[in-house]
Amino acid sequence: INGPENHGRKVGVFGVGYGANMALHWAARDSRVGVIVAIAPFDKPEQAFQRMANAENITISDHVLHESLAIVATNLGIDWSDWSGSAAVRQLKEPILLISGGADAVCPTNEIEILGRAACPGSKTLMIQNATHGNVCYWMNAIAEPAKQWFAEHLQSEQ
């Protein structure tokens, strides 16, 4: 990122769903990231995985999911709480644009509110009233301009 083409300026990251969480965690760990747009991030991964299974009509018991997530955590050497959205957001020094779908059953609005409260001053939230988890990123008429303005405003201040 810090090659000769950007002369050490900050860069922006943009992610949707799990990618939004990865963008938040990337920004929390990499000082080169100065602007974040996160669409439909979740707070607690274990709960989001269960909600995703429910939304996709995948039958999996709580016990099997819990055991599977424990195996994954052990094999990766992670603690799922360290990978929550709020854990990343609390580490950020840059404001975030959080975008949510009002009808998102996987990343519900109450989790966006939790992330918004944990975010640094200057962060903003945008809710697309009828958007679901599966289609929130396709509401370009509602997302494109706010995201472009967010990047322009926050990257401009880095130059």
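**View 1. Strand S2 and its parallel neighbours in the predicted model.** Strand S2 is joined to strand S3, which spans residues 96-101, by four bridges, and the two strands run parallel. Within this pairing, Ile-36 has Ile-96 of S3 as its bridge partner. S2 also pairs with strand S1 (residues 11-16), here through six bridges and again in a parallel arrangement, with Gly-12 having Val-35 of S2 as its bridge partner. Strand S2 itself, covering residues 33-39, is mostly covered, since seven of its seven residues are buried. The model shown in this and the following views is predicted.

**View 2. The β-α-β unit and a histidine in its helix.** Strand S1, helix H1 (residues 18-29) and strand S2 together make a β-α-β unit that is right-handed. Helix H1 contains His-25, which counts as buried because its relative accessibility is 2%. When residues up to four places away in sequence are left aside, His-25 touches Asp-82, Trp-83, Ser-84 and Ala-88.

**View 3. A charged end over a tryptophan ring.** Trp-83, one of the residues that His-25 touches, has the charged end of Arg-29 sitting over its ring, at 4.7 Å from the ring centre.

View 4. A search of the whole structure finds three aromatic pairs. In one of them, the rings of Phe-49 and Trp-80 have centres 5.6 Å apart and planes at 80 degrees, so this pair is edge-to-face. Because Phe-49 lies in helix H2 (residues 45-55) while Trp-80 lies in the loop between helix H3 (62-76) and helix H4 (85-89), the pair ties together parts that are 31 residues apart in sequence. Phe-49 is partly exposed, with a relative accessible area of 28%, whereas Trp-80, with a relative accessible area of 13%, is buried. Ring pairs link Phe-49 and Trp-80 with Tyr-18 and Phe-42 into a cluster.

View 5. Zero disulfides are found in a search of the whole structure. Cys-107 is in no disulfide, and the cysteine sulfur nearest to that of Cys-107 belongs to Cys-137, 12 Å away. Cys-137 is likewise in no disulfide, its nearest cysteine sulfur being that of Cys-107, at 12 Å. A pair of cysteine sulfur atoms would have to lie within 2.5 Å to be a disulfide. Cys-107 counts as buried because its relative accessibility is 0%.

Terms used. Residues are numbered from 1 along each chain as its sequence is written. This is a predicted model: local features need pLDDT of at least 70, side-chain atom pairs count only at pLDDT 80 or more; totals for chains, interfaces and linings use all residues. Side-chain values use heavy atoms; hydrogens and water are left out. Buried means under 20% relative accessible area, exposed over 50%, partly exposed in between (1.4 Å probe, protein chains only). Two strands pair if DSSP finds at least two bridges between them. A crossover is right-handed if, with the strands pointing away from the viewer, the path from the first strand over the helix to the second runs clockwise. Contact means heavy atoms within 4.5 Å. Rings of Phe, Tyr and Trp (its six-membered ring) pair if their centres lie within 6.5 Å; planes under 30 degrees apart count as stacked, over 60 as edge-to-face and the rest as tilted. A charge sits over a ring if NZ of Lys or CZ of Arg is within 6 Å of the ring centre and within 35 degrees of the ring normal.
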